[in-house]
Amino acid sequence: MSLDHVETLECTLCGATYDPERVIYTCPNHDGVTGILDVTYDYDVIQDRFDAPLDGHVDSQWKYDAFLPVDTDATPVTLDEGGTDLLDAPRLGAELGVDLAVKNDGANPTGCFKDRATSVAVTKARFGGQDVVTCASTGNAAASLAGYAARAGLDARIFVPAAAPEGKLVQPRVYGADVLAVDGSYDEAYDLSLEVTDTYGWYNRNAAINPFQIEGKRTVGHELAEQTQGAVPDWIVFSMGDGCTIAGCWKGFREFAELGYVDDTPRMLGVQSAGASAIHDAFHGHDDVDDVADTLADAIAVGRPRNTLKACRALEESGGTALAVPDEDILSAVTTLGGTEGIYAEPAGAAPVAGIRRAREEGIIEAGESVVAVVTGMGLKDTAGANEAVGDVTGIAPSLDAVEATYGAPEPGATDGAAAAYTDLDG
Ligand SMILES: Cc1ncc(COP(=O)(O)O)c(C=O)c1O
Ligand SMILES: N[C@@H](CCOP(=O)(O)O)C(=O)O
């Protein structure tokens, strides 16, 4: 049994270190602020163990198991998360004036990149003998935790804001979780989940406080480093809620660069809604930070992000920046992404596209630069917002006349090609 590749849990505020074998969430040395912990590693041990070829083929994030903070004896609880495609996006790229690729993380097993973190959390929970897992969620982490808990045979008890999209309230219950719809915001659900964790001792998955969650999220950085080896993009773009995801990606990419697996690092661009822009505001030094979250991009509706520090460090260290965009831009990004590249993202997943457009307008991203937009969540979980963007469906009677009323009569010879094909088949 060995966790010898993990050195410590180190407080990002005071540098105090804690035993990674213990279940500890935050540094107890701080009152009023959260002492977020960071996992530090012994990279000599990791490099001795990591023997997978960096050949661009990634079937699952467990390709990088040597980097994950789980005991070497633990059997992963997995649904084959990670290993998502990095798709060229030429039509959208031309529209935005950049060389664009999309990392389609909405293709993860529960429809969201959260699965990267959850797989690690539930593996640790099961290996550590926990029976009950919990989290607060706007809906995606809820579904993800519920799915992996089902897979592991653990009970999931989850706190979501009652106003979460219907699909996000249904999905975790299909996986058998108890979903407690809190009459309040995500921030309130989050505070409650912490109290519950202290009181009941359930294992808390929340990425902002569970130090191991960002470590799962960082596999998206490992993958992107591997998939772009030799042509590291100028920019990688994420939406930000609590800030853990962008921080995780940066940590993963940076450590692959430090280990010499890639020879450069990208700049990170973090995108928030103007209605929930606390990380953006902190990054740009605004002191009138508004902690009310008001955005249709429910997954990033966070008033008090818990990982502002790690997110801002990722932006700073990478030479990147943060942007806040209005909800109209996010909504229009959903249909632009769908209509140009066939990728249906939820608003938080499409927000990077709105961010890239804004960054081009402001001269932050220059024409022709290479950019990866990470689509973090798929759209079918939350159709209400998208429905606003696409408008009402066109109703017709079940008759050809009704089709003609919509498109006009067919052009003469419109079916000639098809007729010729039938003739060929007949010989
Ligand atoms: C689809 C989606 N995109 C982006 C985010 C933002 O991630 P983070 O809160 O780690 O910044 C979330 C939730 O957190 C999400 O569910
Ligand atoms: N928007 C997130 C918030 C919690 O996710 P986490 O991975 O940061 O803990 C959600 O989907 O619930």
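Visitor: Which residues does Phe 67 touch, not counting residues up to four places away in sequence?
Guide: Keep in mind that this is a predicted model. In it, Phe 67 touches Tyr 41, Tyr 43, Ile 46, Phe 50, Arg 218, His 222, Glu 255, Phe 256, Leu 259 and Tyr 261.

Visitor: And which residues touch the most other members of the largest nonpolar core?
Guide: Phe 67 is one of them, along with Val 133, Ile 158, Leu 224, Ile 236, Phe 238 and Met 268. That core has 86 residues. There is also a second, separate core of 33 residues, and Leu 92, Ile 300, Ala 345 and Ala 386 are among its members.

Visitor: Switching to charges: how many salt bridges are there?
Guide: The count comes to 24. One of them joins Lys 168 and Glu 346, with the closest N and O atoms 2.8 Å apart. This pair links distant parts of the chain, 178 residues apart: Lys 168 is in helix α5, while Glu 346 is in the loop between α12 and α13.

Visitor: Is Lys 168 buried or exposed?
Guide: Buried, because its relative accessible area is 1% and the cut-off for buried is under 20%. Glu 346 counts as buried too, at 2%.

Visitor: What about Arg 306, which residue does it form a salt bridge with?
Guide: Its partner is Asp 191, with the closest N and O atoms 3.2 Å apart. Arg 306 sits in the loop between α10 and α11, and Asp 191 in helix α6, 115 residues away in the chain. Here Arg 306 is buried at 15%, whereas Asp 191 is partly exposed at 28%.

Visitor: Which residues are linked in a network of salt bridges?
Guide: Asp 38, Glu 215, Arg 218, Lys 251, Glu 255 and Lys 310.

Visitor: New topic. Which residue does UniProt list as a modified residue?
Guide: The unreviewed UniProt entry gives Lys 114 as N6-(pyridoxal phosphate)lysine. Lys 114 is in helix α3, residues 114-127, and is buried at 18% relative accessible area. Beyond its sequence neighbors up to four places away, Lys 114 touches Asn 140, Ala 141, Ser 144, Arg 205 and Lys 217.

Visitor: Last one: which residues form a nonpolar patch on the surface?
Guide: Ile 396, Leu 400, Val 403 and Tyr 407, with about 470 Å² of accessible area together. Val 403 is found in helix α15 and counts as partly exposed at 33%.

Methods:
Residues numbered from 1 in each chain as written. Chains lettered and ligands numbered in written order. Predicted model: local features only at pLDDT ≥ 70, side-chain atom pairs only at ≥ 80, totals over all residues. Heavy atoms only, no water. UniProt positions renumbered as here; feature names shortened; annotations may be inferred. Helix = DSSP H or I, 4+ residues; strand = E, 2+ residues; numbered from the N terminus. Buried < 20%, exposed > 50% of the residue type's maximum accessible area, 1.4 Å probe, protein only. Contact = heavy atoms within 4.5 Å. Patch = residues over 30% accessible without salt bridge, like charges linked within 9 Å, V, L, I, M, F, W, Y side chains within 5 Å. Areas by Shrake-Rupley, 256 points an atom, 1.4 Å probe, with all protein chains shown as cover. Salt bridge = Lys/Arg side-chain N within 4 Å of Asp/Glu carboxyl O. Core = buried A, V, L, I, M, F, W, Y, C linked by side-chain atoms within 4.5 Å.
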